[in-house]
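Please keep the sequence and the model in view while reading.

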Amino acid sequence: MTTLTKAAPPLARRPRHPYRAALATARGRTGLALVGLVVLAGLLAPLLSGHGPTDQSALTLAGPGTPGHPLGTDDLGRDLLSRLLHGIRADLGIIAIAVPLGAVLGCLSALAAAAHPLADTVVQRVFDLILAFPGLILALAITAILGPGRLPVITVIALAEIPVFGRLLRTGILVQRGREYVTAARVGGTSGGRILTRHILPNAADPLVVQITVSLTVAVFIEGAMSFLGVGVRPPEPTLGAVLSQSMPYLAQAPHFAVGPLVTVTALVLGLSLTAEALNREIRR
């Protein structure tokens, strides 16, 4: 007697997570590589720089390739490589606090607005009030109250992002509330809180992930603009915007002064933009 056996059917391949699939694309890999290089340079700043960011020498405006100063020196004889790397470190520290803070406060505001119509009205008017102030006016007002430093920069970035994340999540909640699966869950006796946490929020979260990468890009510009205008981090602490601002009077005499921060900001913004675009394309499929 012979026993016939059937070959087991191949297991269905589990679809990749959309975030992982997005970061595996050419745009995603390129964006991650650029952001990773900048972040790594900032994290390793004390190891990669042979000088302190505020150490001065007799060599002022020395060109690239000067012994001991690969990128040259600034108008006060400070090593440009060290100031660039520590500037990256300072910028990353600011945006790593400010953007998540703005995102959390914005999302909490959206959840409060979703709880009651009166709360929704109040939250929307607060968002309108924040958005009514141009970014520069908001930055100058907060700096006038708190004084220059990291705290006002973080405050300005966080305030600017609160209505962005709040309105994005509020819209997502309103859209998901009208879907059939929410109606079915409500008819089945599921509580409102469980519907919100287990069904609505997971489906409304994808745009927030994309917005985080976009907001990081915006935060880089806000910090750079505030430092460029002299209302950001206090000198002599370096930031990318501060180094770029210090180089403006010497562009004709020492153009290398501005190259480092310009290239770094371009790489960081381009990397974040490519990552955001890759995530957005994959999520919208």
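The model discussed here is predicted. By this cut-off L61, with a relative accessibility of 17%, counts as buried. L61 belongs to the loop between α3 (45–48) and α4. Most residues other than glycine have a negative phi, and most peptide bonds are trans.

The peptide bond from P235 to P236 is cis, with omega near 10°. P236 sits in the loop between α10 and α11 (240–247).

## Two further loop positions

The loop between α3 and α4 also holds G68. Because its relative accessibility is 48%, G68 counts as partly exposed. Leaving aside residues up to four places away in sequence, G68 touches H51 and D79. How far apart in space are G68 and I94, C-alpha to C-alpha? The distance is 29 Å, for a separation of 26 residues in sequence.

A24 is located in the loop between α1 (18–23) and α2. With a relative accessible area of 31%, A24 is partly exposed. A24 and A278 are 254 residues apart in sequence, yet their C-alpha atoms are 9.0 Å apart in space.

## The nonpolar cores

In soluble globular proteins, nonpolar side chains tend to be buried together. In this model, the largest nonpolar core contains 31 residues. Those with the most contacts inside this core are I88, I94, V156, I157, M226 and L268. At least two core residues are supplied by each of α2 (26–43), α4 (80–115), α6 (135–146), α7 (150–177), α10 (206–228) and α12 (256–283). Which helix gives the largest share of this core? The answer is α4, which contributes nine residues.

When residues up to four places away in sequence are not counted, M226 touches A139, T143, P152, V153, V156, V231 and G232. There is also a second, separate core of 13 residues, which includes C107, F165, A204 and L208.

## An aromatic pair and a buried glutamine

The model has one aromatic pair. The rings of Y250 and F257 have centres 6.1 Å apart and planes at 20°, so this pair is stacked. Are the two partners buried or partly exposed? Y250 counts as partly exposed because its relative accessibility is 22%, whereas F257, at 1%, counts as buried.

Q176 lies in helix α7. At 9% relative accessibility, Q176 counts as buried. Its contacts, not counting residues up to four places away in sequence, are with Y181, V182, I200, N203 and A204. One of these, A204, is also part of the second core.

## How the helices cross

The helix α4 meets α7 with axes that come within 6 Å and cross at roughly 40°. That angle makes α4 oblique to α7. The crossing of these two helices is right-handed.

The axes of α10 and α11 come within 7 Å and cross at roughly 40°. For that reason α10 is described as oblique to α11. This crossing, too, is right-handed. On the α10 side the contact is made by E223, G224, S227 and F228, and on the α11 side by G241, A242, L244 and S245.

## An enclosed helix

Why is α11 described as largely enclosed by the rest of the structure? Six of its eight residues are buried, so α11 is largely enclosed. The buried residues of this helix are L240, G241, A242, V243, L244 and S247. They pack against α4, α10 and α12.

Definitions and conventions: Residues numbered from 1 in each chain as written. Predicted model: local features only at pLDDT ≥ 70, side-chain atom pairs only at ≥ 80, totals over all residues. Heavy atoms only, no water. Core = buried A, V, L, I, M, F, W, Y, C linked by side-chain atoms within 4.5 Å. Buried < 20%, exposed > 50% of the residue type's maximum accessible area, 1.4 Å probe, protein only. Helix = DSSP H or I, 4+ residues; strand = E, 2+ residues; numbered from the N terminus. Contact = heavy atoms within 4.5 Å. Phe/Tyr/Trp six-rings, centres within 6.5 Å; stacked < 30°, edge-to-face > 60°. Axes fitted to C-alpha atoms, helices over the stretch in contact; angles between N-to-C directions. Parallel < 35°, antiparallel > 145°, perpendicular 65-115°, else oblique. Left-handed = near helix turned anticlockwise from the far one by under 90°.
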